[in-house]
Amino acid sequence: MTKTKKKKSLGKKKKFTWFDVINYIVLTIFGLICLFPVLYELLLSVASKGDFLSAKIFVIPREFHFEAYKFIFGKGHIGRAFLISVFITVTTTIYSLVITALGAYAFTRKNVPGLKICFTLVIITMFFSGGIIPFYLTVSKVLGTNNLFCLIIPFGLNTFNLIILRNFFMQVPESLLESCRIEGASEFRILFQFVIPLSKAGIATIMLWLIVGNWDSWYWPSFLLSKRTDLYPLALTLRNALMALDGTSVNPDIVLDGAKLYAQGNNAAMIIVSITPILLIYPFFQKYFVKGVMLGSVKE
């Protein structure tokens, strides 16, 4: 009788309610709203100027062309800039994660003299800073400018990320940490072998923020790399390329049709080139956002 009931219960389909219908409709509309800008920029990047001028709401390309992409990749050594951006993004992300994890774990310790005062001083930096000029002068004197180190070392720690990761670490049961200490594990081993694996959701979230922030960074490189254009990252290279639509630095081997080039199409192509790596990386991190921080851990 029990097996028969189980089979019947498994065979029953879940009742589809009006709430489910409304929920699917709302989520579908929200998804289309999020997808619309990306699709619009993609179509605009391959559309002609006539299609853009004749469009009322949505651009529908009738004459496909890739002049905007040819212009972007033929101007400013995009390949080298891409590799530089990859190096800066990967190095800064790893460096920042290590420092942030060490600081966040240190601030989860209890009964440490002066820890609350230090944490308060760290929080103050979220609201008050020395300013752009003091920061630039400090970086130029300590690390120098026109090198890749000045784009990595000063940007290793973010107070907001530190607080977020600290909150994740504080959810790890203290009994689990105490059992590790009883077994003779050091604090570094506890952090990297127990606390961080149990905080994958927080690590993945902060890692994605760091990747996006470093990949799209162009403001500080424009200041700190003023004399080394060969070290420009991708974001700054694309920005400068689109600001100089005169064709002076375009690769002579690439033939462009100037009649098909227009500012809106070039900007759209730049957006697509810039966001494509992030769109490819995001699905690998998405699964961690829905997981609980204590998945697989012991219960109190």
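## Contact between H9 and H10

In this predicted model, Leu177, Cys180 and Arg181 of helix H9 are in contact (heavy atoms within 4.5 Å) with Glu187, Ile190, Phe194 and Val195 of helix H10. The residues of this contact comprise 5 nonpolar, no polar and 2 charged.

H9 covers residues 174–182 and H10 covers residues 187–195; their axes come within 10 Å and cross at roughly 130°. H9 is therefore oblique to H10, as angles under 35 degrees count as roughly parallel, over 145 as roughly antiparallel, 65 to 115 as roughly perpendicular and the rest as oblique. The crossing of these two helices is right-handed.

## Nonpolar cores

A nonpolar core here joins buried residues (under 20% relative accessible area, 1.4 Å probe) through side-chain atoms within 4.5 Å. The largest one has 24 residues, of which Leu165, Phe169, Ile190 and Val195 touch the most other members. Two or more residues come from each of H5 (78–106), H6 (115–124), H8 (159–169), H9, H10 and H11 (200–215). Another core, of 20 residues, lies apart from it and includes Ile78, Leu208, Leu234 and Phe285.

Beyond its neighbours within four places in sequence, Val195 contacts Tyr105, Phe169, Val172, Leu177 and Ile190.

## Asparagine 146

The loop between H7 (132–142) and H8 contains asparagine 146. This residue is not a glycine, yet its phi is positive, about 60°. Its relative accessibility is 15%, so asparagine 146 counts as buried.

## Basis of the values

Residues are numbered from 1 along each chain as its sequence is written, and side-chain values use heavy atoms, without hydrogens and water. Local features need pLDDT of at least 70 and side-chain atom pairs count only at pLDDT 80 or more, while totals for chains, interfaces and linings use all residues.

Methods:
Axes are lines fitted to C-alpha atoms, for helices over the stretch in contact, and angles run from 0 to 180 degrees between N-to-C directions. Helices (H or I, at least four residues) and strands (E, at least two) are DSSP runs, numbered from the N terminus. A crossing is left-handed if the near helix is turned anticlockwise from the far one by less than a right angle, and right-handed if clockwise. Ala, Val, Leu, Ile, Met, Phe, Trp, Tyr, Cys and Pro count as nonpolar, Asp, Glu, Lys and Arg as charged, and the others, Gly among them, as polar. Buried means under 20% relative accessible area, exposed over 50%, partly exposed in between (1.4 Å probe, protein chains only).
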